[in-house]
Amino acid sequence: MADTTTEVPKVVENSRYERLPDGRLQENHIRHGGPIPPASAIDLETLDITDPELWRRNEIWGRFERMRNEDPVHYCPESPVGPYWSITRYDDIMAIDTDHKRFSSDAYKGGITLFDMDDDFVMPMFIAMDQPKHDVQRKTVQPIVGPDNLKNFEKLIRERTQYVLDRMPVNEPFDWVDNVSIELTTMMLATLFDFPFEDRRKLTRWSDVATGRENPEICPGGEEQWRTELLECLGYFTELWNERVNLNEPGNDLISMLAHGEHTRNMEPMEYLGNVILLIVGGNDTTRNSMSASVYGMNLFPKEFQKLKDNHDLLPSMVSEIIRWQTPLAHMRRTAVEDVEMHGKTIKAGDKVAMWYASGNRDERHFERPNDIWIDRPKVRSHLSFGFGIHRCVGNRLGELQLKILWEEFFKRFSDVIVLEEPGRTQGSFVKGYTKMMVQLVPK
Ligand code: HEM
């Protein structure tokens, strides 16, 4: 009889994936540094794509490709976040994202990430609300990123970008993530909140903490540390609220807008915290990781970089392409409010559903050469990174503007930026980004 055994990778002692009695590999919380089986060797039935280690080591793509091709509405029966569905094709994600009547974002049903909020620490925020409350709260803050305000911001963003880039060393290694991406987006965030500028790195920290509860590199003290730091954030922001709520003439900043807004001025403290966290994370991690991705991506695809160097008019298109390729928020979660049939499967009322934007953005049914950066690709803005439907990113134009200005100012000063080693990646399946990226700038 022919030998039908297929080669499976060695399973290290203590690793948290194991061979099932029938020989299949059960992949569940791969140990930090342990071997990761190739996508072709795993059993789809037990695949848990939320394993943080898969994201830290960028081992997600083959798994997503298999789900798209073999099981586009995939059920994971057991995982640290409980059972959940994965939606991985572009069209299916679009269908769910625009179907807010059957797929809820409500924090009290679980919210918008696969980790449920704890019953005693729910942070309502308008991204995690359904209509009609979502709509009126969104309208309260929307003007800050309206076209007029963006025009006003442009000069400030440019000045700050110039300031930051002028202080970077040339011909010498430094970490782009901390010195450029984080610095620029944190400055922007401080402006949006009119937050004390010298304390702005607190915003960076709270942003990391908010999405880092399960990440020992961010919250080594776990849940307790997470809550303590978020409550510190609430304390700080409550002082700012109190300062601004009594001013007759409301300022043009997010805290004043919330403190004076008809639909937000009577919020409970946890709802205020929730909305602050939404705006901190929304405006910070996403743009930060797109900035880092743009440098990394241009290094991985030097012909595209050359195209951009030769023709700066391609910048807006390059920015969109980078945001597609990076997908800074890998998924948004919804909770089904009724039974829904999809590809022959029944998503039951109450089930968790992850729309994997990261996968939809690499769906070969929608994008030609989806894994490549192609800065002038057709329909470049049709990506899923900002979501679709009533929750579509409110700050998308601001994020794009910051990236465009960064590269305009870059080209005035430098001829190249060289990535010196593989960047460090964030772990976890929500924020998809970089922790460190050593680069060297080449002057003009
Ligand atoms: C919503 C991504 C920049 C504020 C969202 C959503 C995504 C996203 C995926 C959810 C969409 C959905 O559920 O359908 C991004 C990316 C950015 C970015 C990739 C940059 C490259 C920003 C900026 C701000 C911001 C700069 C700052 C003001 C928000 C807010 C929401 C949101 C407030 C909630 C909208 C709602 O629920 O109605 N963003 N974002 N985002 N984003 Fe962004």
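This note walks through a predicted model of a protein chain with a ligand.

1. Confidence overall. The protein chain has an average pLDDT of 91. Of its residues, 92% score at least 70. For the complex, the predictor reports an ipTM of 0.99 and a pTM of 0.92.

2. Where to be careful. Residues 1-20 keep a pLDDT under 50. The model gives this stretch 28 contacts beyond four places in sequence. Residues 24-29 also fall below 50 in pLDDT. They have 25 contacts in the model beyond near neighbours in sequence. Where pLDDT is low, predicted coordinates should not be read in detail.

3. The ligand shell. The ligand is surrounded by 29 residues. Gly282, Gly387, Cys393, Gly395 and Gly399 are the closest. Helix 10 (269-300) and helix 14 (396-413) are the elements that contribute two or more residues to this shell. Which of the elements gives the largest share? Helix 10 does, with 7 residues.

4. Nonpolar residues number 14 around the ligand. Another 12 are polar, and 3 are charged.

5. Helix 12 against helix 14. Helix 14, which contributes to the ligand shell, also meets helix 12 (residues 315-326). The two axes come within 10 Å and cross at roughly 125°. The crossing of helix 12 and helix 14 is right-handed.

6. Residues at that crossing. From helix 12 come Leu315, Pro316 and Val319. From helix 14 come Glu400, Leu403, Lys404, Trp407 and Glu408. The contact of helix 12 with helix 14 comprises 5 nonpolar and 3 charged residues, with no polar ones.

7. A cis peptide bond. Where does the chain have a cis peptide bond? One joins Gln131 and Pro132, with omega at about 5°. Pro132 sits in the loop between strand 5 (103-104) and helix 4 (133-141). Most peptide bonds are trans.

8. A positive phi. Asp194 is not a glycine, yet its phi is positive, at about 50°. Asp194 belongs to the loop between helix 6 (176-193) and helix 7 (201-210). Most residues other than glycine have a negative phi.

Conventions. Residues are numbered from 1 along each chain as its sequence is written. This is a predicted model: local features need pLDDT of at least 70, side-chain atom pairs count only at pLDDT 80 or more; totals for chains, interfaces and linings use all residues. A residue is near a molecule or strand if its C-beta atom, placed from the backbone, lies within 6 Å of it. Helices (H or I, at least four residues) and strands (E, at least two) are DSSP runs, numbered from the N terminus. Ala, Val, Leu, Ile, Met, Phe, Trp, Tyr, Cys and Pro count as nonpolar, Asp, Glu, Lys and Arg as charged, and the others, Gly among them, as polar. pLDDT is the predictor's confidence in each residue, from 0 to 100. Two residues are in contact if their C-beta atoms, placed from the backbone, lie within 7 Å. Axes are lines fitted to C-alpha atoms, for helices over the stretch in contact, and angles run from 0 to 180 degrees between N-to-C directions. A crossing is left-handed if the near helix is turned anticlockwise from the far one by less than a right angle, and right-handed if clockwise.
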